[in-house]
Amino acid sequence: MTAHPAPEILEAVISPLKGWHGMKDKANERLLGIDLGTVRTGFAVSDPGGFLASPIETVTERDLTRLADRAFSIAAGQGTARVVLGHPRNMDGSRGESARRAEEFAALLTERGLEVILWDERMTTLSAIGFLNQTNTRGKKRKGVVDTVAAVIILQSYLDSRKNQPAGS
């Protein structure tokens, strides 16, 4: 079992940083990252300060309505109503079938009361595969984690982009 710092310690570290480093009005709220697949969907969560994305799980579900229910349950369990959903655009920026599926899923999440941010996820699965190659993760183990690693990459990309924005923008 991993030991986590007490909330008051995290608050003591994060408090002086509020209003800086991309922290907005929802500075202490976690974000859920999702890499939507046709069979498996990866989930990741940020720390309350919005600095680091961590893996949660991979869910095997093809039906978008049931998957949206599961995503809502995961978001509630993580204490967030904000989702960064990978938006798979084609390399030329156009929208294909996967992008339209992500938009449909985003609408289902919004119907459940979640705030959805569609985030460009081009190349994230390739990045995840590259990372898994470097860590020598193969076979069934790779199949089970590649989507979750991609969700971490999507969410971390979003978190990093916020760090580069002035506070309040």
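This is a predicted model: local features need pLDDT of at least 70, side-chain atom pairs count only at pLDDT 80 or more; totals for chains, interfaces and linings use all residues.
A salt bridge is a side-chain nitrogen of Lys or Arg within 4 Å of a carboxyl oxygen of Asp or Glu.

**Figure 1. Arg95 and Glu103 joined in a salt bridge.** The closest N and O atoms of Arg95 and Glu103 are 2.7 Å apart, so the pair falls within the 4 Å cut-off. Arg95 is partly exposed at 40% relative accessible area, and Glu103 is partly exposed too, at 24%. This is one of six salt bridges found in a search of the whole structure.

**Figure 2. Asp69 and Arg112 bridge distant parts of the chain.** Their side chains form a salt bridge with an N to O distance of 2.7 Å. Asp69 belongs to helix 2, while Arg112 lies 43 residues away in the loop between helix 3 (97-111) and strand 5. Asp69 is partly exposed at 40%, as is Arg112 at 22%.

**Figure 3. The one aromatic pair of the structure.** The ring centres of Trp119 and Tyr158 are 5.1 Å apart and the planes stand at 85°, so the pair is edge-to-face. It links Trp119 in strand 5 (residues 115-120) with Tyr158 in helix 5 (residues 139-163), 39 residues apart. Trp119 is partly exposed at 21% relative accessible area, whereas Tyr158 is buried at 10%.

Note on methods: Residues are numbered from 1 along each chain as its sequence is written. Side-chain values use heavy atoms; hydrogens and water are left out. Rings of Phe, Tyr and Trp (its six-membered ring) pair if their centres lie within 6.5 Å; planes under 30 degrees apart count as stacked, over 60 as edge-to-face and the rest as tilted. Helices (H or I, at least four residues) and strands (E, at least two) are DSSP runs, numbered from the N terminus. Buried means under 20% relative accessible area, exposed over 50%, partly exposed in between (1.4 Å probe, protein chains only).
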